[in-house]
Amino acid sequence: MTPKGLRMLGHVSLRVCDLEASVKFYTEALSPLSYITTRFPSVIGLGSSSSSAPIPDLWLREYQPGPENDYSQKPTPVHISFYAKERKTVDDFYACGINAGGKDNGAPGVRPWMEGYYAAYLLDLDGNNIEVVCFEKKAGGEQDNVIAA
């Protein structure tokens, strides 16, 4: 059983090519979600300032090519999704992320995955697909224009 208010997933770690550039990107892109940065000697944690979790839920660590990754020059990209309570937060994430150097991978809008799935997608500096999604429906029962998959 998890403590009240905690999700089952504790945290995610990303290996990034340029740690300081990635910290700058994520600090700005996730600012609409009230994310703050916590620095440790070899890793940076980012988490919501309003979270009851004991540690941040996103960790950034400098990627080092080596025999364990066949000396690949870049880490393998992943997809990470963050929840938001309001559509405006999704919109703000997208604008802040683009401003911070992220690349468009899907402008804010309703997706066909399920009813009310309002999301935006950005590629971070290492090609990771970062999503912010909320399930808030339009006020007054208005119909959404769904973005094709």
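Predicted model: local features only at pLDDT ≥ 70, side-chain atom pairs only at ≥ 80, totals over all residues.
Phenylalanine 135 is partly exposed, its relative accessible area being 37%.

The ring of phenylalanine 135 pairs with that of tyrosine 83: the centres are 6.1 Å apart and the planes meet at 55°, so the arrangement is classed as tilted. An angle over 60 degrees would be needed for an edge-to-face pair. Tyrosine 83 belongs to strand 5, whereas phenylalanine 135 sits in the segment after strand 9 (129–134), and the pair thus links distant parts of the chain, 52 residues apart. Tyr117 joins these two residues in a cluster linked by ring pairs.

A further aromatic pair is formed by tyrosine 35 and phenylalanine 82. Here the geometry is edge-to-face, with 5.5 Å from centre to centre and 85° between the planes. Because tyrosine 35 lies in strand 2 (residues 35–39) and phenylalanine 82 in strand 5 (residues 79–83), this pair ties together parts that are 47 residues apart in sequence. Both partners fall under the 20% limit for burial: tyrosine 35 is buried at a relative accessible area of 11%, and phenylalanine 82 is buried at 8%.

The loop that runs between strand 4 (58–62) and strand 5 contains asparagine 69. A polar atom of the asparagine 69 side chain lies 3.2 Å from the backbone oxygen of glutamine 64. When residues up to four places away in sequence are not counted, asparagine 69 touches Tyr63 and Gln64.

Definitions and conventions
Residues numbered from 1 in each chain as written. Heavy atoms only, no water. Phe/Tyr/Trp six-rings, centres within 6.5 Å; stacked < 30°, edge-to-face > 60°. Helix = DSSP H or I, 4+ residues; strand = E, 2+ residues; numbered from the N terminus. Buried < 20%, exposed > 50% of the residue type's maximum accessible area, 1.4 Å probe, protein only. Polar contact = N/O pair within 3.5 Å; in protein donor to acceptor, adjacent residues only side chain to side chain. Contact = heavy atoms within 4.5 Å.
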